[in-house]
Amino acid sequence: MIAGAKQALSGQKASRSELLLQPGNIQAVADKLSHLRGAAMKLGQLLSMDAGELLPAELSALLERLRADAAPMPHKQLVATFEKELGPDWLDKFSHVDLNSFARASIGQVHKATSEQGQALAIKVQYPGVADSIHSDVDNVVSLIKLSGLLPKTLNIAPLVEEAKIQLLAETDYLQEAKSLAAFAKALAHNPHFKVPNNYPALSTQHLLTMEFVEGQPLEDMASLPQKSRDELAFRLIELFFTEMFELGMIQTDPNLANYQYNPGTGQIILLDFGATRAISPALSQGYKALLLAGAEGDFQALKEAACDIGYFSQDIDPNYQQAVLSLFDLAISPLRAEAPFDFAASGLAKQISEQGRQLSMQSRQWHTPPVDALFIHRKLAGLYLIAARLKARVDLRPLLSELNR
């Protein structure tokens with residue numbers, strides 16, 4: 001490797017991890033492993049600890065490179081995929097299909113189309129062979145992480161690795177995503193604040209998902225809206241999290257900004273991408289309700305009991321480390337205690353959570369593997385906080401706390 005060669009020529013010795021994490025080598029490795037983008041994305045979501053990143057900045061940068069948009073499918077391959085999924089007469093099922101994608105993600109790309117009846121459609125087409133290579137792709141990314149030598153041997157990431165494989169396989173099943181899409185559409189049908197695209201089962205398969213195309217603007221572009229509108233947007237997204245957790249029993253676990261759009265004309269938030277939907281058990285829902293209420297009331301003992309009930313701590317957890325984790329939970333719940341609208345941008349809450357999480361991650365001997373569901377839930381809430389900060393929103397969450405108390 002070029003970076004390592006320069007170091008060697010200067011008489012300096014470098015470890016394998018130092019060689020791997022040289023900026024020039026990160027770029028080279030990322031280019032070589034670009035086909036592992038889906039595995040890198042999912043492991044990047046799961047390899048976290050108490051909201052603090054386990055991975056050093058250099059390795060996170062590598063995974064981020066692997067998560068970048070893929071090159072689009074060649075038209076010949078795309079047409080062959082349509083034919084395989086919808087039959088040789090696939091084009092007769094539409095009045096128009098745009099062969100140039102307008103969006104790409106880790107396991108598929110999205111195309112605009114028009115139905116025979118003139119309805120605007122969005123068709124998500126999965127990259128061929130993605131599902132078949134998930135196990136080997138995840139294992140290859142794990143090997144890369146281990147090669148870096150930056151994770152302690154005492155940390156058991158095996159459950160997270162297996163979960164990454166399960167989640168990625170689930171996300172390649174577009175028929176399951178269609179069911180989640182339909183479930184959310186039904187659950188939110190009478191909620192005027194959200195729009196869930198309709199799906200078209202007759203034009204969908206396990207590897208191709210046809211939905212209604214809904215006009216919207218990127219949520220990240222809404223930072224220029226009036227303060228009241230931005231406050232409303234952030235409140236509705238956090239309110240939806242509470243609805244998912246405590247009413248619907250299912251949660252879309254990926255708070256990526258790209259999964260939300262906004263229609264200024266209707267005032268609706270458009271919800272996209274339900275591949276990462278997880279069921280929430282009644283017991284877990286009740287456990288988190290107890291956790292949030294305890295934190296909102298400043299009851300540290302009840303907070304500890306709720307975290308233990310959720311299964312967050314092992315029996316041999318160090319008391320000081322447990323106290324630090326509970327303090328981090330308490331910090332994350334602080335917006336619920338605010339007596340006035342909470343200013344997510346000015347408060348620096350997201351940064352505080354990140355810094356405290358980083359301090360925890362430095363205590364490598366105490367690292368543990370939290371329940372997988374907890375990781376998804378925590379990352380969703382942290383992601384919503386980041387969106388609220390991006391919108392510079394001031395949000396009064398007391399109405400949500402009142403609902404929890406009922």
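**Close-up views of a predicted model**

**View 1. His-135 on helix α7.** His-135 has a relative accessible area of 41% and is therefore partly exposed; the classes are buried under 20% relative accessible area, exposed over 50% and partly exposed in between (1.4 Å probe, protein chains only). This residue sits in helix α7, which spans residues 134–148. Helices (H or I, at least four residues) and strands (E, at least two) are DSSP runs, numbered from the N terminus. Beyond four places in sequence, His-135 touches Lys-165 and Leu-169, where contact means heavy atoms within 4.5 Å. Val-161 is 26 residues from His-135 in sequence, with 9.5 Å between their C-alpha atoms.

A word on the numbers: this is a predicted model, so local features need pLDDT of at least 70 and side-chain atom pairs count only at pLDDT 80 or more, while totals for chains, interfaces and linings use all residues. Residues are numbered from 1 along each chain as its sequence is written, and side-chain values use heavy atoms, with hydrogens and water left out.

**View 2. The whole chain, for orientation.** The chain contains 17 helices and 15 strands. Of its 406 residues, 49% are buried. Among contacts with a separation of 6 or more, 71% join residues 24 or more positions apart. The accessible surface amounts to about 19300 Å², with 52% of it on carbon and sulfur atoms; these areas come from the Shrake-Rupley method with a 1.4 Å probe, and for residues only the protein chains shown count as cover.

View 3. Mean pLDDT is 80 for the chain, and 75% of the residues reach 70 or more; pLDDT is the predictor's confidence in each residue, from 0 to 100. Over residues 1–16 pLDDT stays under 50, and the model gives this stretch 15 contacts beyond four places in sequence.

View 4. Three cavities of 30 Å³ or more are counted. Here a cavity is a set of points, on a 1 Å grid over the protein atoms alone, where a 1.4 Å probe fits but cannot get out, and lining residues have an atom within 4 Å of a point. Grid points are joined across faces, edges and corners, and a volume is the space filled by probe spheres set on the points. The second largest cavity holds about 60 Å³. Its lining includes Leu-240, Glu-244, Tyr-260, Asp-273 and Lys-380. By class, this lining has five nonpolar, two polar and three charged residues; Ala, Val, Leu, Ile, Met, Phe, Trp, Tyr, Cys and Pro count as nonpolar, Asp, Glu, Lys and Arg as charged, and the others, Gly among them, as polar. Asp-273 belongs to the loop between β12 (268–271) and β13 (277–279). Asp-273 is partly exposed because its relative accessibility is 30%. Although Asp-273 is not a glycine, its phi is positive, at about 70°. Most residues other than glycine have a negative phi.

**View 5. Lys-392 in its loop.** Lys-392 lies between α16 (372–390) and β15 (394–395), in the loop. Its relative accessible area is 53%, so Lys-392 is exposed. Lys-392, though not a glycine, has a positive phi of about 55°. Its contacts beyond four places in sequence are Gln-227, Arg-230, Asp-231 and Ala-345. Lys-392 and Ala-223 are 169 residues apart in sequence, yet 7.1 Å apart from C-alpha to C-alpha.

**View 6. Phe-344 on helix α14.** Phe-344 is part of helix α14, residues 344–347. With 2% relative accessibility, Phe-344 is therefore buried. Outside four places in sequence, Phe-344 touches several residues, among them Ile-238, Pro-335, Tyr-385, Ala-388 and Val-395. Leu-391 is 47 residues away from Phe-344 in sequence, and their C-alpha atoms are 8.7 Å apart.

**View 7. Ser-101 between two strands.** Ser-101 occupies the loop between β3 (94–97) and β4 (103–104). Not counting residues up to four places away in sequence, Ser-101 touches Pro-72, Gln-109, Val-110 and His-111. Pro-72 is 29 residues from Ser-101 in sequence, with a C-alpha to C-alpha distance of 7.3 Å.

Definitions and conventions: 1 Å grid on protein atoms, 1.4 Å probe; cavity = no way out; pocket = protein on both sides within 12 Å on 5 of 7 lines; lining within 4 Å.
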